[in-house]
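Hello,

Below is the structure you are taking over. Please open it next to this message and look up each residue as you read.

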Amino acid sequence: MKIGVFSGSFDPIHMGHAMLANYVLQWENLDEVWLMASRRNPLKRNTDASDEDRFNMVRIVADQCPGIKASDFELNLPEPSFTYRTLSELKATYPEHDFYLIIGSDNFLIFDKWRDYKKIIEEYKIIVYPRPGYIIKDPFNNPNIIILDNAPQMLISSTFIREAIKNNKRLNFFLPEKVSEYIDKNKLYK
């Protein structure tokens with residue numbers, strides 16, 4: 001099967017993440033997209049919600065869309081967590097699948113700072129989706145890199161969501177309803 005690996009802190013997961021996973025699944029003809037709650041990104045600050053809470057929110061979204069699966073695979077790997085290690089472990093565990101890394105154009109612009117980025121490019125397909133304000137270009141000129149020029153874009157981020165929650169804003173249509181309920185119930189981001 002062709003599996004898209006959409007990894008992120010998902011702190012919290014929001015409608016933009018859900019829309020993108022659904023888009024890539026269908027428009028890139030993947031068999032599944034695995035929403036993979038990741039360890040803390042060494043290039044970013046720590047997360048606000050626990051690993052368990054972040055994964056539970058990912059599961060809520062995945063359960064609402066056929067072909068989208070929640071994965072805690074990376075959370076169970078030793079730290080520090082690096083993308084190449086995760087992809088290699090996935091391939092070793094599921095040799096029958098072909099894995100496609102899904103990343104935003106913002107991350108793609110700093111891809112050469114990722115550990116083992118050359119190995120990722122040579123061994124895996126990379127699907128790059130547009131993020132507002134980050135122009136997509138392929139400096140590597142590699143056929144394993146798939147640029148999604150026409151994917152819908154949403155100017156929304158988990159940082160925006162966390163700040164809005166701290167300021168008691170209503171987030172109808174920004175968060176899936178059940179994720180919003182989970183955040184309220186567990187008093188996250190207050």
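K91 is partly exposed, because its relative accessible area is 28%. Its side chain meets that of D98 in a salt bridge, at 3.8 Å from N to O. D98 also counts as partly exposed, at 44% relative accessibility. Please keep in mind that this is a predicted model.

Side chains of opposite charge can pair when their charged atoms come close.

R54 counts as buried, at 0%.

Another salt bridge links K166 and E163, at 3.8 Å from N to O. Both residues lie in helix α6, three residues apart, or about one turn of the helix. K166 has a relative accessible area of 41% and is therefore partly exposed. E163 is partly exposed too, at 41%.

Helix α6 runs over residues 158-166, and its buried residues are S158, I161, R162, A164 and I165. Where do these residues lie when α6 is seen down its axis? They fall within an arc of 165°, so they line one face of the helix. What they pack against is α1 (15-27) and α7 (177-185). After α6 comes N168, which has a positive phi, near 55°.

N186 is partly exposed, with a relative accessible area of 33%. N186 and A49 are 137 residues apart along the chain, yet 9.9 Å separates their C-alpha atoms.

Next, the aromatic residues. A pair of aromatic rings is described by the distance of the centres and the angle of the planes. There are 13 aromatic pairs in the structure. In the pair Y23 and W27, the ring centres are 4.7 Å apart and the planes are at 15°, so the pair is stacked; the cut-off for stacking is under 30 degrees. Both Y23 and W27 belong to helix α1, four residues apart, which is about one turn. Y23 is buried, with a relative accessible area of 12%, whereas W27 counts as exposed, at 55%. Elsewhere, F108, F111, W114, Y117 and F140 form one aromatic cluster.

The last item is a patch on the surface. Which residues form it? L109, I110 and Y134 make up this nonpolar patch, and together they have about 250 Å² of accessible area. L109 is located in the loop between α4 (105-108) and α5 (117-123). With 41% relative accessibility, L109 counts as partly exposed. Leaving aside residues up to four places away in sequence, L109 touches Y134 and I135. The C-alpha atoms of L109 and A62 are separated by 28 Å, and the two residues are 47 apart along the chain.

Regards

Definitions and conventions: Residues are numbered from 1 along each chain as its sequence is written. This is a predicted model: local features need pLDDT of at least 70, side-chain atom pairs count only at pLDDT 80 or more; totals for chains, interfaces and linings use all residues. Side-chain values use heavy atoms; hydrogens and water are left out. Patches are made of residues with over 30% relative accessible area and no salt bridge: like charges are joined within 9 Å, nonpolar side chains (Val, Leu, Ile, Met, Phe, Trp, Tyr) within 5 Å. Accessible areas come from the Shrake-Rupley method with a 1.4 Å probe; for residues, only the protein chains shown count as cover. A salt bridge is a side-chain nitrogen of Lys or Arg within 4 Å of a carboxyl oxygen of Asp or Glu. Helices (H or I, at least four residues) and strands (E, at least two) are DSSP runs, numbered from the N terminus. Buried means under 20% relative accessible area, exposed over 50%, partly exposed in between (1.4 Å probe, protein chains only). The arc is that of the directions from the helix axis to the C-beta atoms. Contact means heavy atoms within 4.5 Å. Rings of Phe, Tyr and Trp (its six-membered ring) pair if their centres lie within 6.5 Å; planes under 30 degrees apart count as stacked, over 60 as edge-to-face and the rest as tilted.
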